[in-house]
Structure formats: structure tokens, C-alpha cells
Amino acid sequence: MIWEMAVTVLATLARVYVDDLDVALPTFVELTGEQPRLRFTYRGLNLASVGGYLLLAGSDDALAPYRGTHATAIVESLDQILSITEQHGGEILDGPNEVPTGRNLTVRHPGGATIEYVQFDAAARSALA
């Protein structure tokens, strides 16, 4: 199989759903040896990235729509993801949306993997460096 378009994935974050972000963060800071790079709120959730993790905290109702998403991938271009999704018969579940860190969309790929893709804006992208 020849891939016509390579997607640049800048980072992949494992999603971790927690009860309280402030209580969970010190453990993940110690586990990773890193401080949170991003911390923000979105749709009733409190989020933080630390190391290779994206921690999400909120009420059960606020978290419910997101629990089925397996990972978050930071990508160069959402347009590439949209093209690949169409080409391979994936399903766009949400987005593209404007989010505190740029733009995102959530895709269910053939085979069942559900991934959130985020194209960072300049401020969020500087946090990756």
C-alpha cells in the first residue's frame, strides 16, 4: 500500500479521566518529571497536559461524551485528517471546532478507534517546545 499523504503527528497524549485535577496533577508531575504544559477549561471540563498524558476532570455528565475517545493526537493539519477520514471511510463524530488550544475534531476510524485530533494555535504550540 502506498500512502499518498503523510500526516505529521507532533505528539500523542494518553487520555486519563480523573475526579479532581488538582489532586491528580502532583502524582503525574512526579511520574513524568514534568510540569503541566497546558491547563485550560472546555465544555465543563478542566484539562491539563503533563508529559504524555492529557488529564480530564469534570462531573460524570461532563465527562460522558469524551470517555469513548482513546487518545488525543496533536497534528500539523486538520485538513489532512479530514482527507484521510474521507478516504478510508471514517466517521467525524465532532468538529471541527474552535477550542482553547486551536481547532479539534474527533474521528471514529474503521476498526473502531476513536481519536481526537488537535491543530494547535501558536500559543499552544509553543508549549510543546
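Helices are DSSP runs of at least four residues, numbered from the N terminus. In this predicted model, helix H1 is followed by Gly33, whose phi is positive, near 70 degrees. With that landmark in hand, the overall fold can be set out before a return to the helix itself.

The chain contains four helices and eight strands, and along the sequence these follow the pattern β-α-β-β-β-α-β-α-β-β-β-α. The radius of gyration is 15 Å, close to the 14 Å that the globule rule gives for 129 residues, so the chain is as compact as a globular protein of that length. Taken along the principal axes, the C-alpha atoms fill a box of roughly 45 × 35 × 25 Å. Of the 129 residues, 41% count as buried. Among contacts with a separation of 6 or more, 54% come from residues 24 or more positions apart.

At the start of H1, a side-chain oxygen of Asp20 comes to within 2.9 Å of the backbone nitrogen of Asp22.

Which residues of H1 are buried? They are Leu21, Ala24, Leu25, Phe28 and Val29. Viewed down the axis of H1, these buried residues fall within an arc of 140 degrees, so they line one face of the helix. Cover for the buried residues of H1 includes strand S1 (9-18), strand S2 (38-42), strand S3 (45-50) and strand S4 (53-57). On the face turned away from the buried side, H1 carries the exposed residues Val23 and Glu30.

Attention now turns to strand S5 (residues 71-75), where Thr72 is placed. Is Thr72 buried or exposed? Its relative accessibility is 2%, and because buried means under 20%, Thr72 counts as buried. The side chain of Thr72 takes part in polar contacts with two partners: one of 3.0 Å to the side chain of Arg15, and one of 2.7 Å to the side chain of Glu116. Once neighbours within four places in sequence are left aside, the residues in contact with Thr72 are Ala11, Thr12, Leu13, Arg15, Leu54, Glu116 and Val118.

Two features of the backbone complete the picture. What joins Gly95 and Pro96 is a cis peptide bond, with omega about 0 degrees; Pro96 itself is placed in strand S6 (residues 91-99). Elsewhere, the loop between S2 and S3 holds Arg43. Phi of Arg43 is near 50 degrees, a positive value in a residue other than glycine.

Notes. Residues are numbered from 1 along each chain as its sequence is written. This is a predicted model: local features need pLDDT of at least 70, side-chain atom pairs count only at pLDDT 80 or more; totals for chains, interfaces and linings use all residues. Side-chain values use heavy atoms; hydrogens and water are left out. Buried means under 20% relative accessible area, exposed over 50%, partly exposed in between (1.4 Å probe, protein chains only). Helices (H or I, at least four residues) and strands (E, at least two) are DSSP runs, numbered from the N terminus. The arc is that of the directions from the helix axis to the C-beta atoms. Contact means heavy atoms within 4.5 Å. A polar contact is a pair of N or O atoms within 3.5 Å; within protein, one must be able to donate a hydrogen and the other to accept it, and residues adjacent in sequence count only if both atoms are side-chain atoms. The radius of gyration is taken over C-alpha atoms; the globule rule is 2.2 Å times the number of residues to the power 0.38.
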